[in-house]
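Me: I want to learn how to read a model like this one, feature by feature. Can we go through it together?

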Amino acid sequence: MNKLLTVSLLLLAAQPLWAAPVAPVAAAASVTLTPGELVAAVQALLSAYEPLDVDRTLPALGSPAAVSEVLLGLAREPGTAPNAGIVRVRAIEALGYVPTDAGRIYLHGLVAELGDATDSRVYPLAAAVRALGHFGDGELGRLGPYLGHPSADVREAAAMAVAAMPAARPLLQRRLAVESERGVQVVLQSSLKQPAAPRPARE
């Protein structure tokens, strides 16, 4: 299959979250993209108007290390395009879909840098918190405190991030008992209903 055609099919398969699920693209994993093609494919995926099924599409574009390197580049230097801020936030969150040590180190540094933010920086902070939830139960100690962050966006992100961690149940219940924002309450309730699925911490 033509390489560019396969990439196009991958991007078409990344439907909006409200769309019906589609089957994975056949033979996508066998396609090897050049570094330039990989950058272009990741940028196209993250630049789309609608939220995309990024968690399924990104891993099909290349190895976790290669895709993570592209995402880190976009997170650090998103460029000057009108949608650069959105692309950066999506790139930060997408680091959780292709977990690597380099991605984890970057996310740790980002949450440490932005942890007290209450302005527009809460959006990359929330994205980093959600991403760290994919790195295993060992991140609970770092993520738990964000359930009490001043920003509702960050509190929601923290509730989503720890939802599958068995040890997070008491934290979620305590937060729900005092949470005043309706939107956050809904996310907390949903997280408590989600079955616990322990994930080993990455070394």
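Predicted model: local features only at pLDDT ≥ 70, side-chain atom pairs only at ≥ 80, totals over all residues.

Me: Start with the fold. How many helices and strands are there in the protein chain?

Reply: Count the elements, then read their order. The protein chain has 11 helices and 0 strands. From the N terminus on, the order is α-α-α-α-α-α-α-α-α-α-α.

Me: What share of the residues of the protein chain counts as buried?

Reply: Of 203 residues, 42% count as buried. Among contacts with a separation of 6 or more, 67% join residues 24 or more positions apart.

Me: Now the core. Which residues have the most contacts inside the largest nonpolar core?

Reply: That core has 52 residues, and the ones with the most contacts inside it are Val-42, Leu-58, Leu-71, Leu-107 and Val-129. Next, ask which elements supply it. Those giving two or more residues are α2 (35-47), α4 (64-76), α5 (84-94), α6 (101-114), α7, α8, α9 and α11. The largest share, 8 residues, comes from α7.

Me: What does Leu-107 touch?

Reply: Skip residues up to four places away in sequence. Leu-107 then touches Ile-92, Leu-95, Ala-128, Ala-131, Leu-132 and Phe-135.

Me: Is α7 mostly covered or mostly open?

Reply: Mostly covered: 9 of the 11 residues of α7 are buried. They are Val-122, Pro-124, Leu-125, Ala-126, Ala-127, Ala-128, Val-129, Ala-131 and Leu-132. These buried residues pack against α5, α6, α8 and α9.

Me: Let us turn to α9. Which residues of α9 are buried?

Reply: The buried residues of α9 are Val-154, Arg-155, Ala-157, Ala-158, Ala-159, Ala-161 and Val-162. Their cover includes α7, α8 (140-143), α10 and α11. Check the helix start too. There, a side-chain oxygen of Ser-151 reaches to within 3.2 Å of the backbone nitrogen of Asp-153.

Me: How do I read a pocket? What lines the second largest pocket?

Reply: The general idea comes first. Rolling a probe the size of a water molecule over the atoms shows where empty space is left. In this model, the second largest pocket has a volume of about 170 Å³. The lining is made of Val-89, Tyr-123, Ala-126, Arg-130, Asp-153, Glu-156, Ala-157 and Met-160. The most comes from α9, with 4 residues.

Me: How many residues of that lining are nonpolar, polar and charged?

Reply: The lining of the second largest pocket has 5 nonpolar residues, no polar ones and 3 charged ones.

Me: Now single residues. Why does Gln-185 count as buried?

Reply: Compare the relative accessibility with the cut-off. Buried means under 20%. Gln-185 counts as buried because its relative accessibility is 18%. Gln-185 lies in helix α11 (residues 182-193). Leaving aside neighbours within four places in sequence, Gln-185 is in contact with Leu-176, Glu-179 and Ser-180.

Me: And why is Pro-166 partly exposed?

Reply: The partly exposed class runs between buried, under 20%, and exposed, over 50%. Pro-166 is partly exposed because its relative accessible area is 34%. Pro-166 sits in the loop between α9 (152-162) and α10 (169-178).

Me: How far apart are Pro-166 and Asp-137 in sequence and in space?

Reply: Read both separations side by side. Pro-166 and Asp-137 are 29 residues apart in sequence and 8.3 Å apart in space, C-alpha to C-alpha.

Terms used. Residues numbered from 1 in each chain as written. Heavy atoms only, no water. Buried < 20%, exposed > 50% of the residue type's maximum accessible area, 1.4 Å probe, protein only. Contact = heavy atoms within 4.5 Å. 1 Å grid on protein atoms, 1.4 Å probe; cavity = no way out; pocket = protein on both sides within 12 Å on 5 of 7 lines; lining within 4 Å. Points joined across faces, edges and corners; volume = space filled by probe spheres on them. Nonpolar A, V, L, I, M, F, W, Y, C, P; charged D, E, K, R; others polar. Polar contact = N/O pair within 3.5 Å; in protein donor to acceptor, adjacent residues only side chain to side chain. Core = buried A, V, L, I, M, F, W, Y, C linked by side-chain atoms within 4.5 Å.
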